[in-house]
Amino acid sequence: MSIKERLSGIWLIAMTLLSLCAYTVFFVAQMWLNLLHAAYLTLAILEIVTLIVYLWGPEKLKRKPLRVLYRILYASSFFVLPSFIFIFMGLVSQYHVKIPDSIDAADLRAEEILPAEETVVYNTGTLYVIFPAYSEVELACETRPSKSDQSITWCSGAAFQHTVSLGFTQENVEGDHAINGTLYESPYNKDSFAAFTFAGDRFSFEFDQPKEAIKAAAAAGGSGFMQYGLIRDGEIVMRFDRPRSRCYRTLAELNGHLCIIDSVNMLHFEEFLEELQRIGVTNALYMDMGAGWNYSWYRNAADKVVTLFGLPVPWSHNWVVFQK
């Protein structure tokens, strides 16, 4: 066997193992996008078939179409490494970065966790409570807000999207929503959705009539969107079973003030809800935190952008934005 053939064998063995590893990570981490799930499974199967043919002996393929097919299968191995890198970056993006300039709030009473004139972050040991400095809160769609926009103090994903799509349509945003006075009605409203609105310099959470709340915000020239309601008047109103721990986020009202709350480390969902209750959150909406969807950043008191989850995905199309 020539050196070239030996190196080809080593390459195929390595790429087959790497493709199986990538698919396993994708499956276990529940990075569920149906299109990608099928792609990673197909790639793993292709590498296994290619390796089997190599071990059997490609020189035994007498017919030209079979030899061409083998070359195509072999070429697929060059997609394994970039696919694995994408999966690795997606997995890393699910772990929250540490916020070194956060205020230690482990010994603070809940009523002492309050906003300041500039953006401030508290660390309770389990939760990051982020009070962005703002005068407006808007929903941005289609074009991702730029970190160079000095007026933005917080940016993160907002509403669910019904399908994974590179193209954007307002109809693909789940739940009625409003953008600076323009109302967009959705065919994908859910009974468990609540509404967050910001209009006339005031924010509001509405659980009973979210559609009407969005319409009212639009009529007042404001913005709003729908998401699962988590906590209403201090009581948990949403429970669903998550098979593993992860970092979670909520758009919440604490001590009468609007804030973002992230888990410091990965938690089970019930633990996250219990911590929100413990610090006295009044109202809260769920914020999606899957790989890529958790893209988020804020501008600190020193006017520097701090990226919390830095992997944007091209099929993410709407964000909640706090602005000075």
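Trainee: What span should the 13 residues of helix H3 have, and how far apart are its end C-alpha atoms?
Mentor: Helix H3, residues 64-76, should span 18 Å at 1.5 Å a residue, and its end C-alpha atoms are 19 Å apart, which agrees. The expected span is 1.5 Å times one less than the number of residues in the helix. Helices (H or I, at least four residues) and strands (E, at least two) are DSSP runs, numbered from the N terminus.

Trainee: What should I know about the model and the numbering before we go on?
Mentor: This is a predicted model, in which local features need pLDDT of at least 70 and side-chain atom pairs count only at pLDDT 80 or more, while totals for chains, interfaces and linings use all residues. Residues are numbered from 1 along each chain as its sequence is written, and side-chain values use heavy atoms, with hydrogens and water left out.

Trainee: Back to H3, then. Which of its residues are buried?
Mentor: Tyr 70, Leu 73, Tyr 74 and Ser 76 are buried in H3. They cover an arc of only 150° around the axis, which puts them on the same side of H3; the arc is that of the directions from the helix axis to the C-beta atoms. Buried means under 20% relative accessible area, exposed over 50%, and partly exposed in between (1.4 Å probe, protein chains only).

Trainee: And which residues are exposed on the other side of H3?
Mentor: Lys 64, Pro 65, Arg 71 and Ile 72 are exposed there.

Trainee: Changing topic: how much space lies in the second largest pocket?
Mentor: The second largest pocket holds about 270 Å³ of space. Of its 11 lining residues, Glu 5, Ser 8, Tyr 54, Pro 58 and Tyr 70 are the closest to its centre. Helix H1 (3-28) and H3 are the elements that give two or more residues to the lining.

Trainee: How are pocket and volume defined here?
Mentor: On a 1 Å grid over the protein atoms alone, a cavity is a set of points where a 1.4 Å probe fits but cannot get out, and a pocket is an open set with protein on both sides within 12 Å along at least five of seven lines; lining residues have an atom within 4 Å of a point. Grid points are joined across faces, edges and corners, and a volume is the space filled by probe spheres set on the points.

Trainee: What is the make-up of that lining by class?
Mentor: The lining has 5 nonpolar, 2 polar and 4 charged residues. Ala, Val, Leu, Ile, Met, Phe, Trp, Tyr, Cys and Pro count as nonpolar, Asp, Glu, Lys and Arg as charged, and the others, Gly among them, as polar.

Trainee: Now the strands. Is S3 buried or exposed?
Mentor: In strand S3 (residues 127-131), 5 of the 5 residues are buried, so it is largely enclosed by the rest of the structure. Leu 127, Val 129 and Phe 131 point one way, and Tyr 128 and Ile 130 the other way. In a regular strand the side chains alternate between the two faces of the sheet.

Trainee: Which strands are joined to S3?
Mentor: Strand S2 (residues 120-123) runs antiparallel to S3, joined by 4 bridges, with Phe 131 as the bridge partner of Val 120. Strand S13 (residues 257-263) is also antiparallel to S3 over 4 bridges, and here Ile 130 has Ile 260 as its bridge partner. Two strands pair if DSSP finds at least two bridges between them.

Trainee: What does Gly 125 do in the hairpin of S2 and S3?
Mentor: Gly 125 takes a positive phi near 100° in that hairpin, which has 3 residues between the strands.

Trainee: Which residues cover the faces of S15?
Mentor: In strand S15 (residues 296-299), Ser 296 and Tyr 298 on one side and Trp 297 and Arg 299 on the other are all buried, and both faces of the strand are covered.

Trainee: How many bridges pair S15 with S5 and with S16?
Mentor: Strand S5 (residues 152-157) pairs with S15 in the antiparallel sense over 3 bridges, and Ser 156 has Ser 296 as its bridge partner. Strand S16 (residues 305-309) pairs with S15, again antiparallel, over 4 bridges, with Trp 297 opposite Thr 307.

Trainee: Where is Asp 201, and what is its phi?
Mentor: Asp 201 is in the loop between strand S8 (193-199) and strand S9 (202-206), with a positive phi near 65°. Its relative accessibility of 59% makes it exposed.

Trainee: Last one: how many helices and strands are there in the protein?
Mentor: The protein has 6 helices and 17 strands, and of its 324 residues 50% count as buried.
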